[in-house]
Amino acid sequence: MLRRCVPLLTIALLSGCTLTQSANHEKTMNAINTMEERVNFQFATMIQQINEQNEYIANLEKELSSISEELSRPPVHVAPAVETMVEEEEAIAAAEPVIDTKVAHGKVILGEEEWVWLDSIQSFFKARIDTGATTSSLNAVDIQIFERDGKEWARFNLNHAFEGNGDNSEIVEAPVVRWVKVRQSTAEQAERRPVIEAWVKLGQLHEKAQFTLADRSHMTYPVLLGREFFKDIALVDVGKKFVQGMNEQQIQTTTN
C-alpha cells in the first residue's frame with residue numbers, strides 16, 4: 001500500500017512545482033511588458049517635445065532673419081517730386097560716359113599736323129607728325145658750335161611763322177647731345193648735323209625729345225616729329241589735323 005502511495009505523492013509534488021513556476025513566469029512577462037510600454041510612451045513623449053522645440057527655434061530664426069534684413073535696408077526718405085526728377089536726371093548724366101576724342105586706348109591721338117609748345121622758347125610751333133621719319137627735326141639757321149664748361153653747345157636762329165603774328169626770330173642755345181650724318185637725295189656726300197634736346201608739350205604729352213638741327217626755313221613746318229617721340233605713347237590719324245589743339249591753360253600749368 002505504501003509503495004503505491006509514494007509515486008502518487010511524488011507526481012503531486014512535481015505538478016505543484018510546475019504550476020508555481022508557470023505562474024511566476026507569467027507575472028514576470030507581464031511586468032516586463034508593462035515596463036516596455038511605459039518606456040515607449042516616455043520615448044514618444046520626448047520625441048514630440050524635441051520636435052516642438054525645433055519648430056519653435058526655426059520660427060525664431062526666421063523672425064531674426066527678417067529683422068536683420070529690415071535693419072540692413074537704407075532708410076527711405078520721401079522727397080518732393082521735383083527734387084526726385086532732378087536727382088534722376090543727374091544720375092543719368094553721371095552714368096553716361098564722357099568720351100574723350102583726344103585719347104584712345106590710353107594713348108594720345110595725333111593728327112597729321114599739330115601745334116607743339118617748346119619750353120625753352122615759350123612759344124607754339126606748327127609741327128608735322130611724320131610716321132616715316134625716325135628722328136625729329138627743328139628749324140635752325142646760322143648754326144654756331146661753341147664750347148661751354150667743357151661741352152659742345154649749339155647757338156642757332158629759329159625763324160617761325162605764328163598764324164596772325166607774322167615771322168618771329170628766336171636765338172636758341174642748347175648743349176649738343178650727339179652728331180648724326182644725313183645724306184640728302186640731291187647731295188653726294190653726307191652732312192654732319194648736331195642733335196639737341198628740348199622739352200615739348202603736345203596735348204597731354206610733356207616729353208623731352210631729341211631734335212636734329214636743320215635749315216627748314218624753306219619748308220612749311222619748322223618742327224618735324226618723328227617716331228622716336230610718339231612711339232608707344234600716341235596714335236597717329238593722318239586723316240585729321242590739330243586734334244590736340246592749342247591749350248594755353250595746360251601750357252601755363254605745366255610751365256608753372
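**The open sheet**

Start by selecting strands β1, β2 and β12 in this predicted model. These 3 strands form an open sheet in the order β1-β2-β12, and their pairing is mixed. Look next at the two edges: β1 (103-104) and β12 (234-237) each have a single partner strand, so one side of each is left without a neighbour in the sheet.

Now keep β2 (residues 107-111) and β12 on screen. The two strands run parallel to each other and are paired over 4 bridges. To find a point where they face each other, select I109, which stands opposite L235 in β12.

A salt bridge joins D237 to K240, with the closest N and O atoms 3.9 Å apart. D237 is partly exposed at 30% relative accessibility, and K240 is also classed as partly exposed, at 41%.

E113 lies in strand β3 (residues 113-118) and K241 in the loop between β12 and α4 (248-255), so the pair ties together parts that are 128 residues apart in sequence. Are the two partners buried or exposed? E113 is buried, with a relative accessible area of 9%, while K241 is partly exposed, with 49%.

The loop between β12 and α4 also holds F242. Select F242 and check its backbone: phi is positive, about 50 degrees, although F242 is not a glycine. Most residues other than glycine have a negative phi. F242 is partly exposed, at 28% relative accessibility.

How many salt bridges does a search of the whole structure find? The search finds 5. For another of them, select E173 and R155, whose closest N and O atoms are 2.7 Å apart. E173 belongs to strand β8 (residues 166-182) and R155 to strand β7 (residues 151-162), so this pair ties together parts that are 18 residues apart in sequence. Both ends are partly exposed: E173 has a relative accessibility of 34% and R155 one of 27%.

**Strand β6**

Select D142, found in strand β6 (residues 141-148). D142 has a positive phi of about 55 degrees and is not a glycine. Its relative accessible area of 56% makes D142 an exposed residue.

The strands β5 and β10 run parallel and are joined by 4 bridges.

Which sense does the pairing of β9 and β10 take? It is antiparallel, over 8 bridges. In this pair, W199 stands opposite K208 in β10. Follow β9 to the turn of the hairpin, where 2 residues lie between the strands and G203 takes a positive phi near 60 degrees.

**The nonpolar core**

The largest nonpolar core has 29 residues; L138, F211 and L225 touch the most other members. Select L138 and show its surroundings. Apart from neighbours within four places in sequence, its contacts include L118, F156, L158 and I196. Also among the contacts of L138 are F211, T212, L213 and A214, together with R216, P222 and V223.

**Helix α1**

Select helix α1 (residues 2-72) and pick out I57 within it. I57 is partly exposed, with a relative accessible area of 44%. Together with Y56 and L60, I57 makes a nonpolar surface patch of about 310 Å².

**The whole protein**

Clear the selection and show everything. The secondary structure comes to 4 helices and 12 strands. What share of the 256 residues in the protein is buried? Buried residues make up 25%. The protein exposes about 18,800 Å², with carbon and sulfur atoms supplying 54% of that area. Among contacts with a separation of 6 or more, 56% are between residues 24 or more positions apart.

Note on methods: Residues are numbered from 1 along each chain as its sequence is written. This is a predicted model: local features need pLDDT of at least 70, side-chain atom pairs count only at pLDDT 80 or more; totals for chains, interfaces and linings use all residues. Side-chain values use heavy atoms; hydrogens and water are left out. Patches are made of residues with over 30% relative accessible area and no salt bridge: like charges are joined within 9 Å, nonpolar side chains (Val, Leu, Ile, Met, Phe, Trp, Tyr) within 5 Å. Accessible areas come from the Shrake-Rupley method with a 1.4 Å probe; for residues, only the protein chains shown count as cover. A salt bridge is a side-chain nitrogen of Lys or Arg within 4 Å of a carboxyl oxygen of Asp or Glu. Buried means under 20% relative accessible area, exposed over 50%, partly exposed in between (1.4 Å probe, protein chains only). A nonpolar core is a set of buried Ala, Val, Leu, Ile, Met, Phe, Trp, Tyr and Cys residues joined through side-chain atoms within 4.5 Å. Contact means heavy atoms within 4.5 Å. Two strands pair if DSSP finds at least two bridges between them.
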